[in-house]
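The entries follow in the order in which I looked things up.

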Amino acid sequence: MANARFETTFSFSRHKANCRVLCQACGHEIIVAPCAFSDVFPIPVTIKEAERRLRCTACGEKRARLIPIPMPIR
């Protein structure tokens, strides 16, 4: 995954990576499965656009950071 480029929300499922969504305002974070992005974003959007759209459920701020996490190999 070192050379993987995460440009859109569909990149997470293409590279089989979970996503850590971190609120830069309060530090709240969740781990999102790649298939969940297709529910929230049915068409691919850029990572920057997704970060601008997501609102923290803890504090309500729109300061998300999307960080790819490799899924464990089975």
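Which two strands form a hairpin, and how many residues lie between them? I found that strand 1 and strand 2 form the hairpin, with five residues between them. Gly27, in the turn, has a positive phi of about 90°.

Ground rules. I am working from a predicted model, in which local features need pLDDT of at least 70 and side-chain atom pairs count only at pLDDT 80 or more, while totals for chains, interfaces and linings use all residues. Residues are numbered from 1 along each chain as its sequence is written, and side-chain values use heavy atoms, with hydrogens and water left out. Helices (H or I, at least four residues) and strands (E, at least two) are DSSP runs, numbered from the N terminus.

Sheet. I counted pairing by bridges; two strands pair if DSSP finds at least two bridges between them. The three strands make an open sheet in the order 2-1-3, with antiparallel pairing. Strand 2 and strand 3 are the edge strands, each pairing on one side only. From one strand to the next the twist averages 25° (axes are lines fitted to C-alpha atoms, for helices over the stretch in contact, and angles run from 0 to 180 degrees between N-to-C directions). Strands of a sheet pair through backbone hydrogen bonds, either parallel or antiparallel.

Strand 1. I read seven bridges between strand 1 and strand 3 (residues 64-70), and four between strand 1 and strand 2. Both pairs run antiparallel. On the strand 3 side, Arg20 stands opposite Ile67. On the strand 2 side, Val21 faces Ile30, and Leu22 has Glu29 as its bridge partner. Strand 1 is mostly covered, with five of its seven residues buried; buried means under 20% relative accessible area, exposed over 50%, and partly exposed in between (1.4 Å probe, protein chains only).

Asn18. This residue is in strand 1. I list Asn18 as buried because its relative accessibility is 18%. For contacts I took heavy atoms within 4.5 Å. Not counting residues up to four places away in sequence, Asn18 touches Phe12, Ile31, Val32, Ala33, Pro34, Ile67, Pro68, Ile69 and Met71.

Leu22. Also in strand 1, Leu22 has 24% relative accessibility and therefore counts as partly exposed. Its C-alpha atom is separated by 5.1 Å from that of Arg65, 43 residues apart along the chain. Beyond four places in sequence, Leu22 touches Gly27, His28, Glu29, Arg63, Ala64, Arg65 and Ile67.

Lys16. I checked the loop between helix 1 and strand 1, where Lys16 has its place. Lys16 has a positive phi of about 50° although it is not a glycine. At 59% relative accessibility, I put Lys16 down as exposed.

Is Thr9 buried or exposed? I have Thr9 as buried, because its relative accessibility is 1%. Thr9 lies in the segment before helix 1 (11-14). Leaving aside neighbours within four places in sequence, its contacts are Phe37, Phe41, Ile43, Pro44, Val45, Ile47 and Ala50. Ile47 is in helix 3 (residues 47-53), and it is buried too, with a relative accessible area of 12%. The C-alpha atoms of Ile47 and Thr9 are 38 residues apart along the chain and separated by 6.0 Å.

Largest pocket. I used a 1 Å grid over the protein atoms alone: a pocket is an open set of points where a 1.4 Å probe fits, with protein on both sides within 12 Å along at least five of seven lines, and lining residues have an atom within 4 Å of a point. Grid points are joined across faces, edges and corners, and the volume is the space filled by probe spheres set on the points. About 270 Å³ of space lies in the largest pocket. Its lining has 18 residues, and Val21, Ile30, Val32, Leu54 and Arg55 lie nearest the centre. Strand 1 (17-23), strand 2 (29-32) and helix 2 (34-40) each supply at least two lining residues.
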